[in-house]
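The sequence and structure are shown first.

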Amino acid sequence: MPPKYKAPRGTQDVLPQESRRWQGLEAAFREVCRRYAYQEIRTPLFEETELFSRGVGEGTELVHKQMYTFQDQGGRSLTLRAEGTAPVVRAYLEHNLGAVGGTQKLYYICPIFRYERPQAGRYRQHHQLGVEAIGSPRPEIDAEVIALFHDFLGEIKLEGAVTHLSSIGCPACRPALSEALRAFFAPHIGEMCEFCQARYESNPLRILDCKVPEDVELRAGAPSALDHLCEGCREHFGGVRAALDALHIPYEVDPTIVRGLDYYSRTAFEVIHPGLGAKDVLMGGGRYDGLAEMLGGPSTPGIGFGSGVERLLLLMEGSLVAGWEPAPRLDVYIAAASVEARQPAALLAAELRRAGVSVGLDFTNRSLKAQMREAARLGARFAALLGEDELRANTVTLRDMESGEQESVPRAELGARLRDRSS
Ligand code: HAM
């Protein structure tokens, strides 16, 4: 009979075999963040809905169609974390993290919820690893954030990714760009989807981000933000490029980048990989100098990125992150040869575990033979057999699971022996 319940559409279970790959990837990311002096931040799984509608923008696809919004018993409108940046900036403002001065460099690895059409590499619950560097307007920090991800890809030995870089300008450059876009799209208003017809008036930049196929066609040859940068943004973009060049980080200038969230200004980037579908991006990010103010705080520059963990793992196929233990090995499996030996076996397991040894034990009254099979399945380095003779002599019969060699070891010496030999 098929199971009655399944994981909700667009979500997945990470089973033990797979969770080791997650742990490896997360450990590699934490390690690279440590080298770059980023510290971990953890924000709640849900936030006030307004945080996203304000921060990310009412006109965006994310806020408009993809949020998991609900009312709690107290009548508050809450939304499952729809992206990572607005919550981090909210926490930064709430806890006055800027008080210490300088740049706050934060990282996170967390689930994100978006009501999307599920397919390979696109889920309703996905996970992002990301960083946010808050407090510096300098182009060098933009380069550092991009370099951090570049180093992370090196750390996990993922090749073939290409960094696309652009600047989408600031509020000062927007009017000229909006005008140019309106002029470009004016002959086609009637052909655009109803949302884009509204966007034409409110924020024509968003038309560039529409997923409706007809609208995608319409925008071929549309003017780009890069051609309409104000003096300050042009200089900043030049600074980012120079800083990346100085660090020998490869990138391509790509004026077609339109980030899907309203808080972006100036630097915008995406990392793409041929192993993903054409629409799917491996990592996306940029500068959000206006976000803190939009959320009611003082003007505070910031930049960061988010990258989908599932997409990273998809590209790495079955491989384990380099240097990560392929299978956690059990130090010893204690096999009880009789019913009488079960309780002493449990006591021995407890003693060994307190001494730092990993121990497997049977809980289903299986035969000695079945217990030995289980020991092999779990990859135990040793099996410790406990029967009548051993109980009497206060020993165990220790079997090396690889060589099959057996010897009698006094119980008192077992912990030290296992710690020595399993290391
Ligand atoms: P985003 O481009 O919406 O940016 O998402 C970042 C990354 O998350 C994407 O490049 C992709 O790898 C992954 N991703 C997004 N949606 C899905 C999905 N449905 N299934 C699987 N993976 C997905 C942000 O969220 C910004 N907060 C990034 C940022 C941080 N900007 C500045 N700081």
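What volume does the largest cavity have? The largest cavity has a volume of about 50 Å³. The model is predicted: local features need pLDDT of at least 70 and side-chain atom pairs count only at pLDDT 80 or more, whereas totals for chains, interfaces and linings use all residues. Residues are numbered from 1 along each chain as its sequence is written, and side-chain values use heavy atoms, with hydrogens and water left out.

**Cavities**

A cavity is a set of points, on a 1 Å grid over the protein atoms alone, where a 1.4 Å probe fits but cannot get out; lining residues have an atom within 4 Å of a point. Grid points are joined across faces, edges and corners, and a volume is the space filled by probe spheres set on the points. The count comes to two cavities of 30 Å³ or more.

| Cavity | Volume | Lining residues |
|---|---|---|
| Largest | about 50 Å³ | I168, L177, L205, L208, S224, A225, P255, I257 and V258 |

For the lining classes, Ala, Val, Leu, Ile, Met, Phe, Trp, Tyr, Cys and Pro count as nonpolar, Asp, Glu, Lys and Arg as charged, and the others, Gly among them, as polar. The lining of the largest cavity has eight nonpolar residues, one polar residue and no charged residues. In the second largest cavity, the lining has two nonpolar, four polar and one charged residues.

**The eight-stranded sheet**

Helices (H or I, at least four residues) and strands (E, at least two) are DSSP runs, numbered from the N terminus; two strands pair if DSSP finds at least two bridges between them. An open sheet with mixed pairing is formed by eight strands in the order β1-β5-β6-β11-β10-β9-β7-β8. At its edges stand β1 (39–40) and β8 (252–253), each with a single partner strand, so one side of each is left without a neighbour in the sheet. Strand β7 (residues 162–167) runs parallel to β8, and two bridges join them; H164 stands opposite E252 in β8.

Helix α5 (residues 139–155) packs on this sheet, in contact (heavy atoms within 4.5 Å) with β5 (104–113), β6 (125–134), β7, β9 (265–272), β10 (283–287) and β11 (302–308). The direction of α5 makes about 20° with that of β11. For such angles, axes are lines fitted to C-alpha atoms, for helices over the stretch in contact, and values run from 0 to 180 degrees between N-to-C directions.

**Strands β2, β3 and β4**

Strand β4 (residues 77–80) pairs with β2 (residues 46–48) in the antiparallel sense over three bridges, and E48 stands opposite L78. Three bridges also join β4 to β3 (residues 69–71), again antiparallel, with L78 as the bridge partner of F70. The hairpin of β3 and β4 has five residues between the strands, and G75 in the turn has a positive phi of about 80°.

**Aromatic pairs**

Rings of Phe, Tyr and Trp (its six-membered ring) pair if their centres lie within 6.5 Å; planes under 30 degrees apart count as stacked, over 60 as edge-to-face and the rest as tilted. The whole structure holds nine aromatic pairs. The ring centres of F29 and Y107 are 5.8 Å apart and the planes stand at 85°, so this pair is edge-to-face. Because F29 lies in helix α1 (residues 16–35) and Y107 in strand β5, the pair ties together parts that are 78 residues apart in sequence.

**The five-stranded sheet**

Five strands form an open sheet in the order β13-β12-β14-β15-β16, with mixed pairing. The edge strands β13 (359–361) and β16 (406–410) each pair on one side only. Strands β14 (residues 382–386) and β15 (residues 395–400) are antiparallel over four bridges, and the bridge partner of F382 is D400 in β15. Helix α12 (residues 342–354) packs on the sheet, touching β12 (332–336), β13, β14 and β15, and its direction makes about 160° with that of β13. Helix α13 (residues 368–377) lies across β12, β14 and β15, running at about 175° to β12.

Terms used: 1 Å grid on protein atoms, 1.4 Å probe; cavity = no way out; pocket = protein on both sides within 12 Å on 5 of 7 lines; lining within 4 Å.
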